[in-house]
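Me: I have a structure open and would like to go through it step by step. Can you help me read it?

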Amino acid sequence: MTPGPHTALVVIGSALAVVGAARSTWSPCGRSMLSSINPVGEAGRGRRFGPTAAWFVTGAVAGGACLG
């Protein structure tokens, strides 16, 4: 069974969402957000850096998917 045109659209759209999310980390707004999320700052707030960074990336991918 060959994949249909919808499969290609989903794959391309997903790839664009991931690239858009990665690209947003270098934008001025993304840069200021990332500068406030660092291991030392998160430890000072009583949080762990790993989950915070994972939620940031997840939100960026979801935002890219919504815009794409």
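Me: In what order do the elements run from the N terminus on?
Reply: The order is α-α-α-α. The count is four helices and zero strands. Helices (H or I, at least four residues) and strands (E, at least two) are DSSP runs, numbered from the N terminus.

Me: What kind of model is this, and how are residues numbered?
Reply: It is a predicted model, where local features need pLDDT of at least 70, side-chain atom pairs count only at pLDDT 80 or more, and totals for chains, interfaces and linings use all residues. Residues are numbered from 1 along each chain as its sequence is written, and side-chain values use heavy atoms, with hydrogens and water left out.

Me: What is the mean pLDDT of the protein?
Reply: The mean is 76, and 71% of the residues reach 70 or more. pLDDT is the predictor's confidence in each residue, from 0 to 100.

Me: And where is confidence lowest and highest?
Reply: Helix α2 (residues 28-36) has the lowest confidence, with a mean of 61, while helix α3 (residues 39-44) has the highest, at 82. Where pLDDT is low, the predicted coordinates should not be read in detail.

Me: New topic. How much of the protein is buried?
Reply: Of the 68 residues, 12% are buried. Buried means under 20% relative accessible area, exposed over 50%, and partly exposed in between (1.4 Å probe, protein chains only).

Me: Where is E42, and is it buried or exposed?
Reply: E42 sits in helix α3. E42 is buried, because its relative accessible area is 4%.

Me: What does E42 touch?
Reply: Leaving out residues up to four places away in sequence, E42 touches S36, R47, R48, F49 and T52. Contact means heavy atoms within 4.5 Å.

Me: How many salt bridges are there?
Reply: One. A salt bridge is a side-chain nitrogen of Lys or Arg within 4 Å of a carboxyl oxygen of Asp or Glu. The side chains of E42 and R45 form it, at 2.6 Å, N to O. R45 has 43% relative accessibility, so R45 counts as partly exposed.

Me: Last one, A17. Where is it, and what is it in contact with?
Reply: A17 belongs to helix α1 (residues 5-24), and counts as buried because its relative accessibility is 6%. Apart from neighbours within four places in sequence, A17 is in contact with V61, G64 and A65.

Me: How far apart are A17 and G64?
Reply: They are 47 residues apart in sequence and 4.6 Å apart in space, C-alpha to C-alpha.
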